[in-house]
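Dear colleague,

Please find below the structure that I am handing over to you, with its sequence. My notes on it come after.

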Amino acid sequence: MRYSGVNEAEIASKVNELKTYEKRITNSESALKRMGSCPIKSCSKHHAPVEGPETVNKSQYENSILSPNPPVISPISFDFCLTNHAFQPVPPKKAAKNQPNNTASQIETSNKFSQLMEIDESVEVPKIHVPSINLKIVADYNLTLQEINRNFPKTLNKLDCGYIRITPDSFNDRGKITDYLDKNKKEYVLSEAPENRPLKIVIKGLPKDHNKEHISRELEENNFKVLRISQFRNFRLKTFHPIFQV
């Protein structure tokens, strides 16, 4: 390769490859030496035929596996023996590996969603909503909230539009909290449950000076119960908007 002008890097690579093959050959020869005599019993090169008791002598079995000190078979003769008997060694990388005999688990074919068919969709679980209590903020409101949280730890408190919105865990707790607020003369406003709250609608496109009594009368004639009608205002300009909330 040097005479043909190959660079030193490629030469070094081939030298390392050659050393790898030489190491494999050395390991293979050591393995053959440890194996002992030829494993093929019908091999006439390494196993002499036994004719009878009268022919038994030391020289007859000196190459046999019955010999106490069997000779070391050279790799060349052993390879020749295997070749003559149509046996080809398989490289370790291509040899079949012993697979563990694992019993495959039984596949479940049951329908995991069968319980969904048993659900009665017509029955709805009612959602219990406890209306909140809107406590007016005063100087000692924190002491009031501490006392409520001490007696009702599941109560939630949140600031909302200038009030402390107290949300009890149950209707029973709500009644006890209102009793406590009445006893201590605290001002509060009770919220209505969503199912009890009135429906709010907005009417646009009417004149600003439209009479609210006419709107109420026309709605009541169509079987609507009107509780209150208010008109939106512009507080900065002190004027009314053509928008009515019913």
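This is a predicted model: local features need pLDDT of at least 70, side-chain atom pairs count only at pLDDT 80 or more; totals for chains, interfaces and linings use all residues.

Residues are numbered from 1 along each chain as its sequence is written, and side-chain values use heavy atoms, with hydrogens and water left out.

Overall make-up

The protein has 5 helices and 7 strands. Helices (H or I, at least four residues) and strands (E, at least two) are DSSP runs, numbered from the N terminus. In that direction, the elements follow the order α-α-β-α-β-β-α-β-β-α-β-β. Of the 246 residues, 20% count as buried; buried means under 20% relative accessible area, exposed over 50%, and partly exposed in between, with a 1.4 Å probe and protein chains only. Among contacts with a separation of 6 or more, 57% are between residues 24 or more positions apart, where contact means heavy atoms within 4.5 Å.

The sheet of four strands

An open sheet of 4 strands has the order β2-β3-β1-β4, with antiparallel pairing; two strands pair if DSSP finds at least two bridges between them. β2 and β4 stand at the edges with a single partner strand each, so one side of each has no neighbour in the sheet. On average, neighbouring strands of this sheet are turned by 25° against each other, direction ignored. For such angles, axes are lines fitted to C-alpha atoms, for helices over the stretch in contact, and the values run from 0 to 180 degrees between N-to-C directions. α3 packs on this sheet and touches β1, β2 and β3, and its direction makes about 5° with that of β3.

Two pairings involve β1 (residues 133-136). With β3 (residues 163-167), β1 runs antiparallel and is joined by 4 bridges; here asparagine 134 stands opposite arginine 165. With β4 (residues 188-190), β1 pairs in the antiparallel sense over 3 bridges, and the bridge partner of leucine 135 in β4 is tyrosine 188.

Thr144, Leu145 and Ile148 of α3 are buried. These residues lie on the same side of α3, because they cover an arc of only 95° around the axis, the arc being that of the directions from the helix axis to the C-beta atoms. An α-helix has 3.6 residues a turn, so residues three or four places apart point the same way. On the other side of α3, Leu143 and Arg150 are exposed. The packing partners of the buried residues of α3 are β1, β2, β3 and α4 (171-183).

The axes of α3 and α4 are 11 Å apart, and the two helices pack at an angle of about 145°. The contact is made by Thr144, Glu147 and Ile148 of α3 with Ile177, Tyr180 and Leu181 of α4.

The loop between α3 (141-151) and β2 (156-160) holds threonine 155. Threonine 155 is buried, with a relative accessible area of 7%. Its side chain reaches the backbone oxygen of phenylalanine 152 at 3.1 Å. Beyond its neighbours within four places in sequence, threonine 155 is in contact with Ile148, Asn149, Ile166, Thr167, Pro168 and Ile177.

The sheet of three strands

A second open sheet, of 3 strands, has the order β5-β7-β6 with antiparallel pairing. β5 (202-204) and β6 (230-234) are its edges, each with a single partner strand, so one side of each is left without a neighbour in the sheet. Its neighbouring strands are turned by 45° against each other on average, direction ignored. β6 and β7 (residues 239-245) run antiparallel and are joined by 4 bridges, and the bridge partner of arginine 233 in β7 is phenylalanine 240.

Two lysines with positive phi

Lysine 185 has a positive phi of about 55° although it is not a glycine. Lysine 185 sits in the loop between α4 and β4 and counts as exposed, at 76% relative accessibility. Lysine 238, likewise a residue other than glycine, has a positive phi near 60°. Lysine 238 is found in the loop between β6 and β7 and is exposed, with a relative accessible area of 69%.

With kind regards

Note on methods
A polar contact is a pair of N or O atoms within 3.5 Å; within protein, one must be able to donate a hydrogen and the other to accept it, and residues adjacent in sequence count only if both atoms are side-chain atoms.
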